[in-house]
Amino acid sequence: MALAAALFLSTGCQRDEITHFRADKAPQTTAARTVSPAMVREEVASPPPAATGSLKWTLPRGWTDSPGSGMRYATLKPPIAGRIDVSVIVLPGPAGGELANVNRWRGQIGLGPIDENAMAAARKPLKAKAGTISVYDFSSEGDAKTRIVAGLAVVDGNTWFVKMLGDASAVHAARSDFTRLLQSLRRDSSN
Amino acid sequence: MTPRISRRAWDALTSLKLTLICLGLLMVLVVACTLAQVEMGTFGAVNVYIRSFLVFWQVPGTTFRVPVFPGGGLVGLVLMLNLVAAQVKRLELSWRKAGLWTVHAGLILLFVGEFVTGAFQVETQLAIEEGQTLNYVESPRQMELALVDVTDPGHDDVYGVPESLLASAQTIQVPGTPVSLRVKGFYQNAELIRREPGEGGSPVDRGVGTGVRVRQLPPVSGDNETDLRAAYVEPIAGGRSYGTWLVSNGLGAPQSFVHEGRTWALSMQPRREYLPYSLTLKKFSHDRYAGTDIPKNFSSLVQLKNPARGEDRDVLIYMNQPLRYGGKAFYQASFGKNDTLSVLQVVENPGWLLPYVSCVLVAAGLVIHFLFVLFRSLKRAGVGVAR
């Protein structure tokens, strides 16, 4: 019984050591990140460190936007039924690099990572007033598909991400408006 | 201790009153724990009321905590002592009482099982999407700072620094690497806020965290709440500082630095346990009763691969039918993403068999006792008829 009590009291004293594991670069990571509030927050990232180079955009008809809370620069809302989220995020510098971010997006819908060549094949350049935007469009596996369309632009040393994520049907319905929104990205002359 | 006091203590320990008091206390604890789950969540309430030796009350406005009630651990321990003592005192060691001895052994084993569970059970999660292959489980409540050598194109070397080490705000040498992490701050729960242009005062000078302000928040424990961890760390390798970084599970952007040609990624992630096998979710099914939206069954068809054992087989996991493998039980727990994401609760409990064994013992003991009494009654009745 004393042993049982000791065992009971030992709860919480386990696994305080640094672990090491060699993991194959296999499709993994962010599926779990879709199920908890913290993981939802992980969808957003960080803001511009400098005052230079803010972007503006023109909202498609029926769309609304609001200033981002926490880490988001802005949240956009299309007039589409279904699960869909459009965010604007800006990060200082290269923000980890294009490939890492593309693979992060793919991970968010359960797809495995790709290499530089595959990323180049998936990239669709889009001309905008702010410069060339790299657009990526990925859909998940499964019967009920999730789709992500994301545009990435480097402006004045900051990396801007405009991302639309949701049910494939909702994203499909908003896709053309989203493209027009990306094309409208321009420097904010008021800064 | 005089013989008289010893006898009184022995009488108290073996008394039925003590049994009833303990059972009453357990009932109070169960009710209090149930009500507390509204505020504290299931895990928090169970830890405070059931898996503790004392229940504390924090004096409002202070950090002073006063014990106000025995916890489930203490009551269970006393009840177990009471049961053992009463058995030793009252039950004679004879075949006639074999059934009752067996019943008592089963009950004691039930208590032991709960202590083993409290001490050793580890609960993790496996959230997996259709088509995805994972070879790790993650803790839903514990985080770790992952330092990952991503240089090799074929594999990653993942070093997990538990948050308990980060909380001690020390310099941590990561074994097997040239990297030390100087922890400059750790937040159990925090809010990340966009830093306004020109806003100063950040200790961070590298990575995306330069644009982020961290605001400390009190920890949360509700079932649908999760703490957002954050830490300021300064990697040092080869005597060189690589600047101060913000790591948080609220930061999605990848962060890394290069030391002597090797790229090291830094992130805060749920604490991972890597497995010597992998699971691929082939199909998640959310069955409904025909013509309704009422759930009928949830199931995950997974492919289990263990190269070391040469195993490659499909397993169907469904409600109350877990996959038990490698000391872990994978239960169907939740789902999401339009039924393309399956969440499996992974339980590792070395004492998982004890409740089953104790139930068998109790049932067997009752049957033995019943049969013994039955035969004795029949024997007496037979004698009566004969007379």
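Biologist: How is the packing of helix 2 and helix 3 of chain B described?

Modeller: Two packed helices are described by the distance between their axes and the angle between them. Axes are lines fitted to C-alpha atoms, for helices over the stretch in contact, and angles run from 0 to 180 degrees between N-to-C directions. Helices (H or I, at least four residues) and strands (E, at least two) are DSSP runs, numbered from the N terminus. In this predicted model, the axes of helix 2 (residues 16-50) and helix 3 (residues 72-90) of chain B come within 9 Å and cross at roughly 155 degrees. Helix 2 of chain B is therefore roughly antiparallel to helix 3 of chain B; angles under 35 degrees count as roughly parallel, over 145 as roughly antiparallel, 65 to 115 as roughly perpendicular and the rest as oblique.

Biologist: Which residues of helix 2 and helix 3 of chain B meet?

Modeller: Two residues are in contact if their C-beta atoms, placed from the backbone, lie within 7 Å. Helix 2 of chain B contributes residues including L18(B), C22(B), L25(B) and Y49(B), and helix 3 of chain B contributes residues including G72(B), V75(B) and L79(B). By class, this contact has 10 nonpolar, 3 polar and no charged residues. Ala, Val, Leu, Ile, Met, Phe, Trp, Tyr, Cys and Pro count as nonpolar, Asp, Glu, Lys and Arg as charged, and the others, Gly among them, as polar.

Biologist: Is E260(B) buried or exposed?

Modeller: A residue is buried if 20 or more other C-beta atoms lie within 10 Å of its own, exposed if 12 or fewer, and partly exposed in between. E260(B) is exposed, because 8 other C-beta atoms lie within 10 Å. This residue lies in the loop between strand 13 (255-259) and strand 14 (262-288) of chain B. Buried residues make up 32% of the 387 residues in chain B.

Biologist: What is the mean pLDDT of chain B?

Modeller: The pLDDT is the predictor's confidence in each residue, from 0 to 100. Chain B has a mean of 89, and 98% of its residues reach 70 or more. Chain A averages 77, with 73% of the residues scoring at least 70. Over residues 27-52 of chain A the pLDDT is below 50, and this stretch has 88 contacts in the model beyond near neighbours in sequence.

Biologist: How are residues and chains labelled, and which thresholds apply?

Modeller: Residues are numbered from 1 along each chain as its sequence is written, while chains are lettered from A and ligands numbered from 1 in the order in which they are written. As this is a predicted model, local features need pLDDT of at least 70 and side-chain atom pairs count only at pLDDT 80 or more, whereas totals for chains, interfaces and linings use all residues.
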